[in-house]
Number of protein chains: 2
Amino acid sequence: MKAFELDSGMISGLVGQVRGESAGADDDAEAFARIAWTVLIEPGDQVAGRLIAAVGPRRALELVLAADPTHAARIWIEDGIAPERAQKIASDAFERWRPRVAARPVVRAIEHAASIGLAVVLPGDPHWPAGFAALGPAEPVAIWVRGEPARLSEFDRSIAVVGARAATGYGEHVATEIAGGIADRGVAVVSGGAYGIDAAAHRAALAAEATTIAFLAGGLDRYYPAGNSDLLTRVAGSGLVISEVPPGVPPTRIRFLTRNRMLAAASAATIVIEAGIRSGSLNTANHALAIGRPVGAVPGPVTSPTSAGCHRLLRETEAVCVTCADDAIELAGGDRIDAGAGYDPVDPEVVRVLDELGVRGGRGTEDIARSSGMSVIGVLAVLGPLELAGVIRRVESGWVRVPKTK
Amino acid sequence: MKAFELDSGMISGLVGQVRGESAGADDDAEAFARIAWTVLIEPGDQVAGRLIAAVGPRRALELVLAADPTHAARIWIEDGIAPERAQKIASDAFERWRPRVAARPVVRAIEHAASIGLAVVLPGDPHWPAGFAALGPAEPVAIWVRGEPARLSEFDRSIAVVGARAATGYGEHVATEIAGGIADRGVAVVSGGAYGIDAAAHRAALAAEATTIAFLAGGLDRYYPAGNSDLLTRVAGSGLVISEVPPGVPPTRIRFLTRNRMLAAASAATIVIEAGIRSGSLNTANHALAIGRPVGAVPGPVTSPTSAGCHRLLRETEAVCVTCADDAIELAGGDRIDAGAGYDPVDPEVVRVLDELGVRGGRGTEDIARSSGMSVIGVLAVLGPLELAGVIRRVESGWVRVPKTK
């Protein structure tokens with residue numbers, strides 16, 4: 001990182017604090033540059049996204065340090081934008097970034113993140129959410145994560161459940177039912193960590209001992225809203241809390257809106273439960289619709305202003321009416337979700353175990369082993385993937401099948 | 001009517017009792033034959049419908065009296081049905097009709113109808129509901145009507161509001177709001193006269209002093225359900241009560257289902273407010289969808305079984321989410337409805353009158369005449385069509401504009 005005048009040993013040392021083992025000096029310099037970009041820009045900055053895609057994060061950073069917007073302008077000209085306009089787009093962006101471009105805040109962000117146990121995950125990393133690619137040049141340049149980064153792979157079969165902060169008792173009840181049902185099927189519940197519907201969704205997933213993931217608009221050093229700190233600490237404990245912005249950056253209105261695009265893009269489907277006519281969750285739904293991701297809207301009484309946004313989605317968009325967890329799973333591609341979980345439905349041992357189970361009356365592992373003529377170890381090896389796929393679930397008395405969606 | 005051995009004078013006398021002035025012996029014989037068909041068949045009998053369409057009601061009746069299903073079979077053969085199957089269709093139909101084919105029950109039905117003030121309206125009559133044509137061979141052969149037959153022309157701009165008999169307080173409230181709003185726009189409210197949503201819809205239209213029309217499944221000598229007799233008497237008083245079957249015929253389950261196709265076909269749109277998963281109103285919605293008529297479903301709490309049928313319509317069909325009267329009017333073709341009413345929005349006198357009116361604070365006719373510089377007669381000539389078009393309405397203090405839908 002010539003431009004920042006940091007030697008590669010120092011860069012690798014810094015990057016190692018939030019990335020674990022070093023992947024070599026070159027990769028570390030690349031990672032450092034991406035981290036620098038999360039400090040430099042506001043989330044979703046498409047000029048940055050296109051410049052980084054064109055020349056890589058390091059070279060792009062050098063261009064900013066050299067105050068040379070020529071290359072950035074050329075990208076837009078090649079897109080058919082008039083040269084004058086393209087130059088204005090590029091130089092405006094460079095103006096925006098200039099006040100923030102320095103090594104010190106990047107170093108401080110990394111050290112701060114490391115001190116509170118955050119990791120950085122980058123595009124190209126094995127667990128980078130595949131759904132982000134739909135955002136094109138607005139794809140995050142990197143994400144800051146609290147929790148086990150490997151859990152990011154659960155986004156492939158996740159459902160975002162979002163809605164009004166000022167939810168009604170009805171809305172919170174339905175959010176609990178639907179998010180709980182999704183979680184029972186082994187599908188991760190994604191939300192925004194806010195009061196109301198978001199909190200009910202996270203709580204229901206935690207109660208089902210399933211993975212739940214929160215996307216926040218501000219840095220992960222302070223959870224917002226503060227009243228949900230305990231909840232978000234529990235979310236991070238067994239799932240993930242994620243932000244695009246480094247620690248120390250406060251959530252702002254615009255950051256909530258750009259955060260919403262991550263919710264929509266990371267998940268296989270977005271379900272809106274209660275939303276006033278100006279609710280931020282409609283913004284999440286619109287992001288999902290814009291990238292062709294399925295959206296479900298849960299109706300409510302037409303006399304309730306808190307359901308008016310859901311009804312508008314049903315009237316005016318491709319959003320589908322969702323009334324229960326099965327509807328949500330179906331919307332997210334039901335069978336596809338299950339297939340992704342990696343069990344083989346025609347494997348003889350899978351068939352033998354499933355033959356033992358009904359939707360009512362749980363069976364214990366030893367009981368299943370006895371009556372199927374399998375070893376306990378053999379039964380356990382089958383139960384795991386089936387549970388992950390949401391085909392079976394654990395109840396007090398043992399294992400039961402999850403009823404199929406039609 | 002040779003076959004029935006009634007002379008033409010007697011036929012004209014009978015027909016005149018339910019049709020007003022005679023239109024000539026030939027027309028009277030035709031009308032008598034159609035009336036006979038309403039006695040002979042169950043509503044929606046497509047074998048009868050096609051035979052009548054092919055050879056006319058009189059000749060069709062003679063074929064039945066002659067027990068000659070050859071012609072009826074030929075219609076189905078020409079349709080590509082295998083001859084054996086076509087012959088079975090025709091002879092089964094003739095078997096069905098035979099026990100009822102006699103002059104006496106027809107004469108009795110007409111005399112009974114006349115004694116209780118019913119009229120018969122036939123296809124081709126000026127006010128025959130144009131929408132019925134969409135039913136093809138299942139179009140009613142005639143309808144029995146209580147009320148002013150000229151009001152049948154209001155079907156062109158009418159909306160069917162149907163739903164659960166066992167409605168909740170929420171459902172009845174919403175039915176009252178939506179039907180009342182439709183009525184306020186000068187659009188006729190059509191329903192099925194049942195308890196629950198139907199009754200709330202009729203009541204709201206009556207309260208708005210607008211036309212409301214009930215389709216019943218049984219003969220109009222006895223209103224069903226008996227508990228709605230007073231309500232249906234009021235409906236007939238200012239609107240219409242209609243049935244396909246002659247007086248004396250009881251409503252049966254199958255007749256409720258065939259009745260539903262008339263509701264769907266006569267109206268410009270069908271709105272379902274509350275429906276359990278097996279509600280008869282879903283049958284009405286399916287009839288409407290089958291003939292390409294717009295259907296609206298009003299959502300409710302997903303926790304309410306009484307809204308489950310509406311949510312199923314939203315999930316599984318082309319039905320549109322409807323939350324208020326404006327949504328319903330828009331679904332029924334909004335502007336088209338208004339345009340059909342025959343006022344000219346750029347007529348200088350229309351403009352002058354509308355300029356005097358607001359959505360609040362009614363203005364009296366003389367007051368409008370004074371300030372617009374028009375004669376009272378001139379103002380009245382404009383107010384009528386505007387009211388019919390739902391552009392203005394009468395309130396206690398005079399006339400006001402109806403707020404426009406977006």
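In which helix of chain A does E95(A) lie? E95(A) lies in helix α5, residues 83–97 of chain A, where helices (H or I, at least four residues) and strands (E, at least two) are DSSP runs numbered from the N terminus. The model is predicted, so that local features need pLDDT of at least 70 and side-chain atom pairs count only at pLDDT 80 or more, while totals for chains, interfaces and linings use all residues. Residues are numbered from 1 along each chain as its sequence is written, and chains are lettered from A and ligands numbered from 1 in the order in which they are written.

**Relation of the two chains**

**The interface**

- On chain B, 15 residues are in contact with 15 residues of chain A, contact meaning that the C-beta atoms, placed from the backbone, lie within 7 Å.
- At least two residues each of the side of chain B that touches chain A are supplied by α7 (169–184), α12 (308–316) and β9 (320–321) of chain B, and the largest share, three residues, comes from α12(B).
- That side of chain B divides into 10 nonpolar, four polar and one charged residue, with Ala, Val, Leu, Ile, Met, Phe, Trp, Tyr, Cys and Pro counted as nonpolar, Asp, Glu, Lys and Arg as charged, and the others, Gly among them, as polar.
- Because 100% of the interface residues of chain B are also interface residues in chain A, the copies meet through the same surface.

**Packing of α3 and α4 in chain A**

- Helix α3 (residues 46–65) and helix α4 (residues 70–78) of chain A pack at an angle of about 160 degrees with their axes 10 Å apart, the axes being lines fitted to C-alpha atoms over the stretch in contact and the angles running from 0 to 180 degrees between N-to-C directions.
- That angle makes α3(A) roughly antiparallel to α4(A), a term used for angles over 145 degrees.
- The contact is made by V47(A), R50(A), L51(A), A54(A), V55(A) and L63(A) of α3(A), together with H71(A), A72(A) and I75(A) of α4(A).
- The residues of this contact of α3(A) with α4(A) divide into seven nonpolar, one polar and one charged.

**Buried and exposed positions**

- Helix α8 (residues 197–207) of chain A is mostly covered, 10 of its 11 residues being buried; a residue is buried if 20 or more other C-beta atoms lie within 10 Å of its own, exposed if 12 or fewer, and partly exposed in between, with C-beta atoms placed from the backbone.
- The buried residues of α8(A) pack against elements of chain A including β3 (158–163), α7 (169–184) and β4 (188–191).
- Just after α8(A), E209(A) takes a positive phi of about 55 degrees.
- E95(A) is exposed, with 11 other C-beta atoms within 10 Å, and its C-alpha atom is separated by 9.4 Å from that of V64(A), 31 residues apart along the chain.
- S191(B), in strand β4 (residues 188–191) of chain B, counts as buried with 29 C-beta neighbours inside 10 Å.
- Leaving aside residues up to four places away in sequence, S191(B) touches A160(B), V161(B), V162(B), D198(B), A201(B), H202(B) and A214(B).

Notes
Two residues are in contact if their C-beta atoms, placed from the backbone, lie within 7 Å. Angles under 35 degrees count as roughly parallel, over 145 as roughly antiparallel, 65 to 115 as roughly perpendicular and the rest as oblique.
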